Amino acid sequence: MSYILIIGAKSDIAKEVARVYAKNGYNFYLAARESSSLEDLKQDITLRSGVEVVLKEFDITDFASHESFYGSLEEKPLGVIVVSGYMAEQKSAQKEWSETLQTINVNYTGAVSILNIIANDFEKERRGFIVGVSSVAGDRGRKANYIYGSAKAAFSAYLSGLRNRLYESGVQVLTVKPGFVHTKMTEHLDLPPKLTATPNEVAEDIFNAQQKGRNVLYTKPIWMVIMLIIKHIPEFLFKKMSI
Ligand SMILES: NC(=O)c1ccc[n+]([C@@H]2O[C@H](COP(=O)([O-])OP(=O)(O)OC[C@H]3O[C@@H](n4cnc5c(N)ncnc54)[C@H](OP(=O)(O)O)[C@@H]3O)[C@@H](O)[C@H]2O)c1
């Protein structure tokens with residue numbers, strides 16, 4: 001069976017994505033910083049699903065390493081799923097440039113760096129799929145998290161252009177826009193239960209949307225309606241609001 005490359009494989013969402021694809025027989029490259037800490041997940045997936053799991057060391061902000069990283073994959077993957085992300089606390093990002101830069105580099109620049117390389121290969125081979133986990137935060141800048149949101153907005157725009165470019169080559173590009181998800185990233189936040197998904201729900205939604213060849217996925221689906229409303233609030237009102 002084909003390999004799937006998961007970038008940012010230590011993420012709570014990524015681990016569930018790996019389990020869902022494994023149930024369906026795919027092999028994996030799990031790429032992460034300190035990837036050896038994924039040994040337990042590797043054992044568990046191998047035992048349950050009998051698929052191949054290869055751990056790969058990868059830092060999405062180490063742009064110079066991306067070409068050789070992709071070159072080192074013996075069998076090229078059928079699909080890549082970029083899940084890595086970094087959400088700095090908005091107030092500290094406003095004050096500390098290093099936090100802003102890390103937010104931009106993890107969520108946008110690094111993803112573009114590795115996907116440029118992979119997209120060229122998939123386009124040449126005329127096959128494959130690319131899934132990018134962006135966020136509803138990228139749909140409209142809000143004072144509560146516009147530094148993270150603007151990096152995700154750039155990533156969503158990049159994926160939209162990539163989908164348009166790769167359409168003729170038969171390469172699928174799926175943009176994933178989660179709303180709230182219970183993960184390490186949000187454990188300090190008090191999230192409304194009805195609007196908050198589990199990593200497993202997000203993973204199942206990603207698998208189903210990718211297999212159906214969809215373009216954009218909001219998960220939970222209610223977020224599509226919420227963001228439609230938020231995007232249509234006139235700017236003269238929106239700038240006075242705290243949402
Ligand atoms: N949770 C939510 O409510 C929510 C909502 C919308 C979108 N998202 C997006 O969903 C994705 C997954 O996030 P999550 O909720 O599962 O949070 P998470 O568990 O905190 O996962 C984020 C992952 O990104 C990895 N990462 C950060 N910097 C990296 C780097 N330089 N190189 C490689 N990997 C790096 C982290 O790796 P380390 O473990 O090594 O730090 C971590 O495993 C992210 O793109 C996030 O922005 C989440």
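**Close-up 1. Tyr21 and its surroundings in the predicted model.** In this predicted model, Tyr21 touches Ile4, Tyr26, Phe28, Ile81, Phe129, Ile206, Phe207, Gln210 and Gln211, not counting residues up to four places away in sequence, where contact means heavy atoms within 4.5 Å. Local features need pLDDT of at least 70 and side-chain atom pairs count only at pLDDT 80 or more, whereas totals for chains, interfaces and linings use all residues. Residues are numbered from 1 along each chain as its sequence is written, and side-chain values use heavy atoms, with hydrogens and water left out.

**Close-up 2. The largest nonpolar core.** This core has 35 residues, and those that touch the most other members are Ile6, Tyr21, Phe28, Leu30 and Ile206; a nonpolar core is a set of buried Ala, Val, Leu, Ile, Met, Phe, Trp, Tyr and Cys residues joined through side-chain atoms within 4.5 Å. Two or more residues each are given to this core by β1 (3-7), α1 (12-23), β2 (27-32), α2 (39-49), β3 (53-57), β5 (129-133), β6 (172-178) and α7 (199-211), with helices (H or I, at least four residues) and strands (E, at least two) taken as DSSP runs numbered from the N terminus. The most comes from α1, which gives 7 residues to this core. Another core, of 29 residues, lies apart from it and includes Leu5, Ile60, Val80 and Ala111.

Close-up 3. Around the ligand are 26 residues, of which Arg33, Asp59, Tyr148, Val181 and Thr183 come nearest; a residue is near a molecule if one of its heavy atoms lies within 4 Å of it. Oxygen atoms of the ligand lie 2.8 Å from a polar side-chain atom of Arg33, 3.1 Å from a polar backbone atom of Asp12 and 3.2 Å from an N or O atom in the side chain of Lys184. The ligand taken alone exposes 890 Å², and the protein buries 91% of that, the accessible areas coming from the Shrake-Rupley method with a 1.4 Å probe. Elements that give two or more residues to the shell are α1, α6 (146-166) and β7 (180-181). The shell divides into 11 nonpolar, 9 polar and 6 charged residues, where Ala, Val, Leu, Ile, Met, Phe, Trp, Tyr, Cys and Pro count as nonpolar, Asp, Glu, Lys and Arg as charged, and the others, Gly among them, as polar.

**Close-up 4. Glu34 and Ser35 in the loop between β2 and α2.** Glu34 is exposed, with a relative accessible area of 58%, whereas Ser35 is buried, at 6%; buried means under 20% relative accessible area, exposed over 50%, and partly exposed in between (1.4 Å probe, protein chains only). Phi of Glu34 is near 45°, a positive value in a residue other than glycine. Ser35 touches Leu30, Leu55, Lys56 and Glu57, not counting residues up to four places away in sequence.

Close-up 5. Most residues other than glycine have a negative phi, and most peptide bonds are trans. Arg126, in the loop between α5 (97-125) and β5, has a positive phi of about 55° although it is not a glycine, and at 55% relative accessibility it counts as exposed. A cis peptide bond, with omega about 0°, joins Thr219 and Lys220, and Lys220 has its place in the loop between β9 (216-219) and α8 (222-232).

Conventions
Polar contact = N/O pair within 3.5 Å; in protein donor to acceptor, adjacent residues only side chain to side chain.
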